[in-house]
Amino acid sequence: MFEQSQTTESRLPYYEYTGPMEQSPNDHRQHRLIHLPNGMTVLCTHDPQAESAAASLTVNVGSMSDLPSFQGMAHFLEHMLFMLTLKTLKAAALQTNVLLADEVCKFYDMYYSASIMKLAVVGNHTLDQLTEWAVSKFSAVKDKGDTSLKLDSHPLGPNELGKVIFYETLEDSNEIMLVFPVPNAESKYR
């Protein structure tokens, strides 16, 4: 139930969800769900009590996509994401290392695709203004189809599960992390 529309200021195209949206009776904000022409899904939220505007983007690329020889690549790109251009990305990586720059570009080209990304934009601005910003700033992200990592089995097997790991910290720290791997339940949601 998405209908084609265009932004009020720049007349840029997007698709707006016109069906009913479930919303808590306690949520007095206004929401607009849109798809950009490149396939990216965006939720714009007008919050009159917000003091500023903010954006949050999930790219659906993580450490499981890292190459064994370049652990941390997804995290590195996460920090550089809002530079938005591969040219800028390559220039920044080149300052560090030429080989790294090439690998960053390959990794970006392989996994980063608009149609697997989700964006949330919230602010005290009108829904039209938030939509304008989302469409004008994020429509340039290329859609390469579904580039998400497909795993044949759960990433944590017998060699990784059931272990107790002891370590000594360099600083005083009282922290524990418990990980409970569960099967993917995405298919159970409507």
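The structure is a predicted model, in which local features need pLDDT of at least 70, side-chain atom pairs count only at pLDDT 80 or more, and totals for chains, interfaces and linings use all residues. Residues are numbered from 1 along each chain as its sequence is written, and side-chain values use heavy atoms, with hydrogens and water left out.

The secondary structure of the protein chain consists of 4 helices and 6 strands. Helices (H or I, at least four residues) and strands (E, at least two) are DSSP runs, numbered from the N terminus. Along the sequence, these elements follow the pattern β-β-β-β-β-α-α-α-β-α. The C-alpha atoms fill a box of roughly 55 × 45 × 40 Å, taken along the principal axes. Of the 190 residues, 30% count as buried; buried means under 20% relative accessible area, exposed over 50%, and partly exposed in between (1.4 Å probe, protein chains only).

Strand β6 (residues 118-123) pairs with two other strands, where pairing requires that DSSP finds at least two bridges between them. With β4 (residues 41-46), the pairing is parallel over 6 bridges, and H46 stands opposite G123 of β6. With β5 (residues 54-58), the pairing is antiparallel over 5 bridges, and L57 has L119 of β6 as its bridge partner. The covered face of β6 carries L119, V121 and G123, whereas K118, A120 and V122 lie on the uncovered face.

The largest nonpolar core contains 30 residues, of which M40, V42, L57, F107, Y112 and L119 touch the most other members. Such a core is a set of buried Ala, Val, Leu, Ile, Met, Phe, Trp, Tyr and Cys residues joined through side-chain atoms within 4.5 Å. Two or more residues of this core come from each of β4, α1 (73-80), α3 (98-111), β6 and α4 (127-138). In soluble globular proteins, nonpolar side chains tend to be buried together. Apart from its neighbours within four places in sequence, F107 is in contact (heavy atoms within 4.5 Å) with V61, S65, D66, M73, A74, L77 and Y112.

On the surface, L156, L161, M177 and V179 form a nonpolar patch with about 390 Å² of accessible area together. Accessible areas come from the Shrake-Rupley method with a 1.4 Å probe; for residues, only the protein chains shown count as cover. L161 is found in the segment after α4 and is partly exposed, with a relative accessible area of 37%.

Terms used. Patch = residues over 30% accessible without salt bridge, like charges linked within 9 Å, V, L, I, M, F, W, Y side chains within 5 Å. Salt bridge = Lys/Arg side-chain N within 4 Å of Asp/Glu carboxyl O.
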